[in-house]
Amino acid sequence: MELALYDEGHGYYMTQAAIQDESSRERIGWQGDFYTAPELSPILAKTLVRQVLEIDARLGHPTPFLFVEMGCGNGTFAADFLQHCECIAPDFMSRLSYVLIERSPYLQSVQKSCIQEAIGFLTDSKIRWLSSVDQLEADSVIGVMFSNELVDAFPVHRVRSDHHHLQEVYVDYSGGQFVEKLGPLSSAKLEEYVDQHGVVLSEGQTSELHLAAEQWMTQVAHVFHQGIMITVDYGHTGRDYYASNRKDGTLICYYQHTVSTKPYVRVGEQDMTAHVNFSALAKAGKTWGLMPMGFTTLANWLMGLGVEEIVEGQDQESQEVQALSQLLRPHGMGTTFKVLVQGKGIESVGLQGLRYRAFFDEVL
Ligand SMILES: C[S@@+](CC[C@H](N)C(=O)[O-])C[C@H]1O[C@@H](n2cnc3c(N)ncnc32)[C@H](O)[C@@H]1O
């Protein structure tokens, strides 16, 4: 998964999609393999601006206010966020420093073009790029860190319960194709993960362990001085993640908006993704002082922030109203996607986005 997505020359996120007539297409969006909420409309960015302005007030309007977006895709979210701030909050915009953390140099260049086109300037003091969270100084961030659909793109370790022993699923190459082989867990860290998060699988069940996500959350906790971390993604609590009815785990692939469970075809040309274990993320952050403040569905979070006011007066057929009904429809993205909010050195009660909690806190 690490190579298929991130190999420098051939990884899915490191290159442009190869298509026959030599024209190009992006991987994320309607012309690509899957779409994300920011590609659907600016509604997520606009709603997040509301939440960020509330946090800015709680932090006493610092200069600079750092907004760190991690895993930035085509740069659409950043462009919409910056445009909206410019429009409704010029004072905040003047204090804002926007950092995009993006692993793929190719996507960094896509993001630069997108933002340049949308807002017309790219000064280093206002907007800058880094390739990894640990390039931020420890204990330095005052503001908000945010990711949408980043954690589901981290490589996972797959495991299977075989004769009541937890085995790792290795990938081998034989007879001209990739094949799976079972063997003992490849590192002591995986054993620790299993113990710490109480992973118990039923016989024959396959699932995933998320070391990369855990390591990332630890890095995030270390760079925070004061502020809030908002993670949006599809996923479950640990208890639901490893429930025995989830027999085959959550690893899936996307190619031209078609879902498959075949990771060994179109390697490097299709997306691979696994659902997020939010309990493990919350626990990893808490260990390093980033405290869980709330966990809710994306729909409840949007409603808590008064998303309907953003589209008030717009035509029912407008892109934003259509996108919102897509996000809020029963069993749509708004319920599949969850929002985890964690904080350091900041009052946790009463955040607008957490007004309607879908779950009790202990659920994590
Ligand atoms: C599924 S895409 C989501 C893109 C965007 N957030 C959106 O919602 O459209 C995942 C993004 O995370 C980036 N990424 C993956 N691992 C990363 C890491 N360790 N640090 C920073 N970016 C990463 C990928 O290159 C890609 O831009």
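How do the residues of the shell around the ligand divide into nonpolar, polar and charged? The close-ups below take this up, along with two other spots. This is a predicted model, in which local features need pLDDT of at least 70, side-chain atom pairs count only at pLDDT 80 or more, and totals for chains, interfaces and linings use all residues. Residues are numbered from 1 along each chain as its sequence is written.

**View 1. The shell around the ligand.** The shell holds 10 nonpolar, six polar and four charged residues (Ala, Val, Leu, Ile, Met, Phe, Trp, Tyr, Cys and Pro count as nonpolar, Asp, Glu, Lys and Arg as charged, and the others, Gly among them, as polar). Of the 20 residues around the ligand, Tyr13, Thr36, Gly71, Gly73 and Arg103 come nearest (a residue is near if its C-beta atom, placed from the backbone, lies within 6 Å of the molecule).

**View 2. Helix 3 meets helix 4.** The axes of helix 3 (residues 43-58) and helix 4 (residues 76-88) come within 8 Å and cross at roughly 50° (axes are lines fitted to C-alpha atoms over the stretch in contact, with angles from 0 to 180 degrees between N-to-C directions; helices are DSSP runs of H or I, at least four residues, and strands are runs of E, at least two, numbered from the N terminus). The two helices are therefore oblique to each other (angles under 35 degrees count as roughly parallel, over 145 as roughly antiparallel, 65 to 115 as roughly perpendicular and the rest as oblique).

**View 3. Strand 10 beside strand 12.** Strand 10 (residues 252-255) and strand 12 pair in the antiparallel sense over three bridges (pairing needs at least two DSSP bridges). Cys253 has Met272 of strand 12 as its bridge partner.
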